[in-house]
Amino acid sequence: MFSSDQLVQAAAAARERAHVPFSGFKVGAAVEDSDGRIYTGCNVENATYGLTVCAERVAVFKAISEGAAKLVRVAVVTDASKLTPPCGACRQILWEFCGNIPVVMANLSGGLESITMEQIFPRPFDASFL
Ligand code: THU
């Protein structure tokens, strides 16, 4: 397993590639799998706004499409003093593909907090209801 720092560093590196001509708000994410691989993502904005994809979803979809093993942890990095949690859409995706994993939120000034998906996404809708 990687240290939180390694996962945060991977997310911070991905954040540099954020495509944010509209918000200017760069986000990087990194997910770690049970085989010790890291998949990263950045937010990619779109002129329609609504087609923007968050860093977390890019990272998860890259992991799935590249054949990742079980996803065990995610890190989200921004340059905001208020640490950035995943948005609602990303919480749904993270829950479905990762379950109750730790979510490490960090910024570029050394701020870091780890919370669980259950804490930020209680009573989720998922395949168990279908
Ligand atoms: N964003 C993310 O990539 N992840 C989050 O957790 C919060 C929001 C992006 C979407 C958009 O490009 C920008 O941040 C401002 O909302």
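## Overall dimensions

The chain has 130 residues, for which a compact globule would have a radius of gyration near 14 Å; the value here is 14 Å, which agrees. This radius is taken over C-alpha atoms, and the globule rule is 2.2 Å times the number of residues to the power 0.38. Along the principal axes, the C-alpha atoms fill a box of roughly 40 × 35 × 30 Å.

The model is predicted: local features need pLDDT of at least 70, side-chain atom pairs count only at pLDDT 80 or more, and totals for chains, interfaces and linings use all residues. Residues are numbered from 1 along each chain as its sequence is written, and side-chain values use heavy atoms, with hydrogens and water left out.

## Secondary structure

There are 4 helices and 5 strands in the chain, arranged along the sequence as α-β-β-α-β-α-β-β-α. Both are DSSP runs numbered from the N terminus (helices: H or I, at least four residues; strands: E, at least two).

## Ligand shell

The residues around the ligand (a heavy atom within 4 Å) include Ser 23, Phe 25, Val 27, Thr 52, Cys 54 and Pro 85. By class, the shell has 7 nonpolar, 3 polar and 2 charged residues; Ala, Val, Leu, Ile, Met, Phe, Trp, Tyr, Cys and Pro count as nonpolar, Asp, Glu, Lys and Arg as charged, and the others, Gly among them, as polar.

Polar contacts are pairs of N or O atoms within 3.5 Å. An N or O atom in the side chain of Glu 45 lies 2.5 Å from a ligand oxygen. For a polar side-chain atom of Asn 43, the distance to an oxygen atom of the ligand is 2.9 Å. A polar backbone atom of Ala 55 is 3.0 Å from a ligand oxygen. On its own the ligand has 370 Å² of accessible area, of which the protein covers 79% (Shrake-Rupley method, 1.4 Å probe).

How values were computed: Polar contact = N/O pair within 3.5 Å; in protein donor to acceptor, adjacent residues only side chain to side chain.
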